[in-house]
Amino acid sequence: MDSILDFLVNFSDVWIYIAIFFIAYIENVCPPSPSEVVVLFAGSLVGIGRLDFILAAGTAIVGSTTGFMTMYAIGRRFGDKIVETGKLQFIPREQVQKVEDWFRRYGYGAVVVNRFLAGTRAVVSFFAGLSKLNFAAAIGLAFVSTAVWNLILVSGGNELGKNWRTIA
């Protein structure tokens, strides 16, 4: 553990924050990615005094929200073409209409709980756009959901970082 900490001491904070943003963003666009592990680890760096809590959490929140916005935009702009060409191999074409109808009815709730369900983030944001959910409402709910989730992760990591010697 000491050698890892020594390595991080020599690594620029800016690059660590960029990595947090990038991993949080990518998770929403190309799952699966280890964003929870990275954000939790960032929280542990907060706990040892290496990073700032607000910057670490804020970077993860902005990265996740931006990734959601990207997949929403892809779903809204290109979703029909993607569905028509059969590119969604995990959902048969005949089921897509059912998913769209379900999203029109329950989509905002799915946006909120999606953050707490690993592996669903890119799919939910894509279908939110495809289903033409209100952009401002969907992004606002995604922001709140990702804020709660990432604050939990950074806080948990912070506690781990503060107590890493005891835990080790």
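Student: Is Phe-127 buried or exposed?

Tutor: This is a predicted model, where local features need pLDDT of at least 70, side-chain atom pairs count only at pLDDT 80 or more, and totals for chains, interfaces and linings use all residues. Residues are numbered from 1 along each chain as its sequence is written, and side-chain values use heavy atoms, without hydrogens and water. Buried means under 20% relative accessible area, exposed over 50% and partly exposed in between, with a 1.4 Å probe and protein chains only. The relative accessible area of Phe-127 is 1%, so Phe-127 is buried.

Student: How many aromatic pairs does a search of the whole structure find?

Tutor: Rings of Phe, Tyr and Trp (its six-membered ring) pair if their centres lie within 6.5 Å; planes under 30 degrees apart count as stacked, over 60 as edge-to-face and the rest as tilted. Searching the whole structure gives a number of aromatic pairs: five.

Student: Which pair do the rings of Phe-126 and Phe-127 form?

Tutor: Phe-126 is buried, at 6% relative accessibility. The ring centres of Phe-126 and Phe-127 are 5.4 Å apart and the planes at 90°, so the pair is edge-to-face.

Student: Which residues do ring pairs link into a cluster?

Tutor: Phe-126 and Phe-127 belong to this cluster. With the remaining member, the linked residues are Phe-126, Phe-127 and Phe-103.
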